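Please look through the sequence and the structure below, and then follow the paragraphs that come after them.

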Amino acid sequence: MAKKTSKRKVAEVVEEQPTLEVKQDWMDDLQICLTFLTRIPIPGGLVISNPSVAQATRFFPIIGSLIGLVGVIVATIADILGLPFEVCILIALLSMILITGALHEDGFARTADAISRRVENKEQRLEIFRDSHVGVVGILALIFAVAVKWATLATFSLGWALVGLFLMA
């Protein structure tokens, strides 16, 4: 015959059991930032089950420096290969866009789309951000933004352009 238990005793038993809370360490934070901000694969993947980007933001500047360093290295290699200066800058910009998965460019294009459309309320504007398609205004804004970056960097000497690429990330 089954023994009856009161709800109070069940609640007490649940409260007595310790909960194991895995905290993120600095290596977890670095992996989370690499996964979130770049397309660099993490060998073995993330080892924590519930990663928090908010707790990992301390590594955003480091990952940004890594992205800038990739642009500098690509521009330097292109220059060593004898490519024209403007092409070196363009290839470096494209490498930085590719390593981030165009994260910032996607957000910029969607923002331009949302601003350009006439909508009645906030929900309709947020729906533009959820839509996977980018409109004409978003594409034009993106082309203009990349062109301005390229034109600005192309006016500098190679050394200052490399500094600009690094700081741009």
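At 37% relative accessibility, valine 163 counts as partly exposed, a class that lies between buried (under 20% relative accessible area) and exposed (over 50%), with a 1.4 Å probe and protein chains only. Valine 163 has its place in helix H9, where helices (H or I, at least four residues) and strands (E, at least two) are DSSP runs numbered from the N terminus. The model is predicted, so that local features need pLDDT of at least 70 and side-chain atom pairs count only at pLDDT 80 or more, while totals for chains, interfaces and linings use all residues. Residues are numbered from 1 along each chain as its sequence is written, and side-chain values use heavy atoms, with hydrogens and water left out.

Valine 163 is also one of the residues of a nonpolar surface patch of about 1100 Å², which includes Trp160 and Phe166. Such patches are made of residues with over 30% relative accessible area and no salt bridge, with like charges joined within 9 Å and nonpolar side chains (Val, Leu, Ile, Met, Phe, Trp, Tyr) within 5 Å; the areas come from the Shrake-Rupley method with a 1.4 Å probe, and for residues only the protein chains shown count as cover. The elements that give two or more residues to the patch are H4, H5 and H9, and the largest share, four residues, comes from H9.

In one of them, arginine 58 meets aspartate 29 at 2.7 Å, N to O; arginine 58 lies in the loop between H3 (53–56) and H4, and aspartate 29 in H2, 29 residues apart. Aspartate 29 is buried, with a relative accessible area of 2%. Another salt bridge joins lysine 149 and glutamate 105 at 3.9 Å, N to O, and because lysine 149 lies in helix H8 (residues 136–154) and glutamate 105 in helix H6 (residues 103–116), the pair ties together parts 44 residues apart in sequence.

Methods. A salt bridge is a side-chain nitrogen of Lys or Arg within 4 Å of a carboxyl oxygen of Asp or Glu.
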